[in-house]
Amino acid sequence: MPKHSETRSLPYTAQQMYDLVADVEAYPQFLPWCAAARIRSRDREGTVEVMEADLVISFKVFREKFGSRVTLMPEDMKIDTEYLDGPFKYMKSNWAFADAGEGCEVSFHVDFEFRNAVLQRLIGVVFNEAMLRIVRAFERRAQELYG
């Protein structure tokens with residue numbers, strides 16, 4: 001089951017990076033393979049905001065929509081994502097942001113498995129490259145917005 005974790009030091013504030021990742025509706029503007037994004041609902045639970053969102057992922061001949069629950073924790077500078085519906089058996093991702101020196105540290109972890117064995121094998125071949133491209137896309141977006 002593909003897993004990816006990495007921590008990057010970036011020349012932006014933790015708040016800037018948190019805001020960038022929390023802006024799910026903007027993902028189609030800069031994320032590779034993200035063809036569409038839609039927020040189903042937003043609820044506030046104290047200082048935590050929980051949204052349900054749909055993303056449409058388009059890769060070669062595959063086009064899949066999946067839903068997720070995104071938990072935004074601005075006081076802790078964390079974002080957790082849980083799978084709701086779509087092509088996965090399961091999917092979880094976590095982001096954490098912390099100011100460090102003249103920038104910030106961004107930690108990212110994702111773990112998932114597709115229901116479709118063919119898609120799982122296809123992604124398995126390019127998984128690490130795909131994760132690097134996604135992380136770099138967030139970095140490029142930060143440069144565009146804050147650089």
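Me: How many bridges join E3 to strand E4 (residues 62-73)?

Reply: This is a predicted model. In it, 11 bridges join E3 to strand E4 (residues 62-73), and the two strands run antiparallel.

Me: What lies in the hairpin of E3 and E4, between the strands?

Reply: Two residues lie between E3 and E4 in this hairpin, and Lys 60 takes a positive phi near 55°.

Me: Which strands form a hairpin with Gly 46 in the turn?

Reply: E2 and E3 do, again with two residues between them, and Gly 46 has a positive phi of about 70°. Strand E2 (residues 34-45) and strand E3 (residues 48-59) run antiparallel, joined by 10 bridges. Within that pairing, Cys 34 has Ile 57 in E3 as its bridge partner.

Me: What is the order of the strands in the open sheet?

Reply: Seven strands make up the open sheet, and reading across gives E1-E7-E6-E5-E4-E3-E2, with antiparallel pairing. Strand E1 (3-10) and E2 stand at the edges; each has a single partner strand, so one side of each has no neighbour in the sheet. From one strand to the next, the twist averages 15°.

Me: Which helix packs on the sheet?

Reply: Helix H1 (residues 14-22) does, touching E1, E3, E4, strand E5 (78-85), E6 and E7. The direction of H1 makes about 160° with that of E6.

Me: Over how many bridges do E6 and strand E7 (residues 103-114) pair?

Reply: They pair over 12 bridges, in the antiparallel sense.

Me: How should I think about side chains along a strand?

Reply: In a regular strand, side chains alternate between the two faces of the sheet. For a single residue, look at where it sits, how accessible it is and what it touches. Take Ser 93, found in strand E6 (residues 88-100).

Me: Is Ser 93 buried or exposed?

Reply: Ser 93 is buried, because its relative accessible area is 8% and the cut-off for buried is under 20%. Not counting residues up to four places away in sequence, Ser 93 touches Ile 79, Asp 80, Thr 81, Phe 108, His 109 and Val 110.

Me: Which residues have the most contacts inside the largest nonpolar core?

Reply: Tyr 27, Ile 79, Phe 97 and Phe 138 do, in a core of 43 residues. Helix H3 (residues 117-146) supplies the largest share of this core, nine residues.

Me: What is Tyr 27 in contact with, leaving aside its neighbours within four places in sequence?

Reply: Tyr 27 is in contact with Leu 20, Val 21, Cys 34, Leu 55 and Phe 138.

Me: How do I read a salt bridge?

Reply: In one of them, the side chains of Arg 136 and Glu 6 meet at 3.4 Å, N to O. Arg 136 lies in helix H3 and Glu 6 in strand E1, so the pair ties together parts 130 residues apart in sequence. Arg 136 counts as partly exposed at 24% relative accessibility, while Glu 6 counts as buried at 14%.

Me: In which parts of the chain are Arg 8 and Glu 139?

Reply: The side chains of Arg 8 and Glu 139 meet in a salt bridge of 2.6 Å, N to O. Arg 8 is in strand E1 and Glu 139 in helix H3, 131 residues apart. Arg 8 is partly exposed, with a relative accessible area of 28%, and Glu 139 counts as buried at 16% relative accessibility.

Me: How far apart are the closest N and O atoms of Glu 144 and Arg 141?

Reply: They are 3.6 Å apart, in a salt bridge. Glu 144 and Arg 141 are three residues apart in helix H3, so about one helical turn separates them. Glu 144 counts as exposed at 59% relative accessibility, whereas Arg 141 counts as buried at 13%.

Me: Which residues do salt bridges that share partners join into one network?

Reply: That network contains Arg 38, Arg 40, Glu 52, Asp 54, Arg 69 and Asp 85.

How values were computed: Residues are numbered from 1 along each chain as its sequence is written. This is a predicted model: local features need pLDDT of at least 70, side-chain atom pairs count only at pLDDT 80 or more; totals for chains, interfaces and linings use all residues. Side-chain values use heavy atoms; hydrogens and water are left out. A nonpolar core is a set of buried Ala, Val, Leu, Ile, Met, Phe, Trp, Tyr and Cys residues joined through side-chain atoms within 4.5 Å. Buried means under 20% relative accessible area, exposed over 50%, partly exposed in between (1.4 Å probe, protein chains only). Helices (H or I, at least four residues) and strands (E, at least two) are DSSP runs, numbered from the N terminus. Contact means heavy atoms within 4.5 Å. Two strands pair if DSSP finds at least two bridges between them. Axes are lines fitted to C-alpha atoms, for helices over the stretch in contact, and angles run from 0 to 180 degrees between N-to-C directions. A salt bridge is a side-chain nitrogen of Lys or Arg within 4 Å of a carboxyl oxygen of Asp or Glu.
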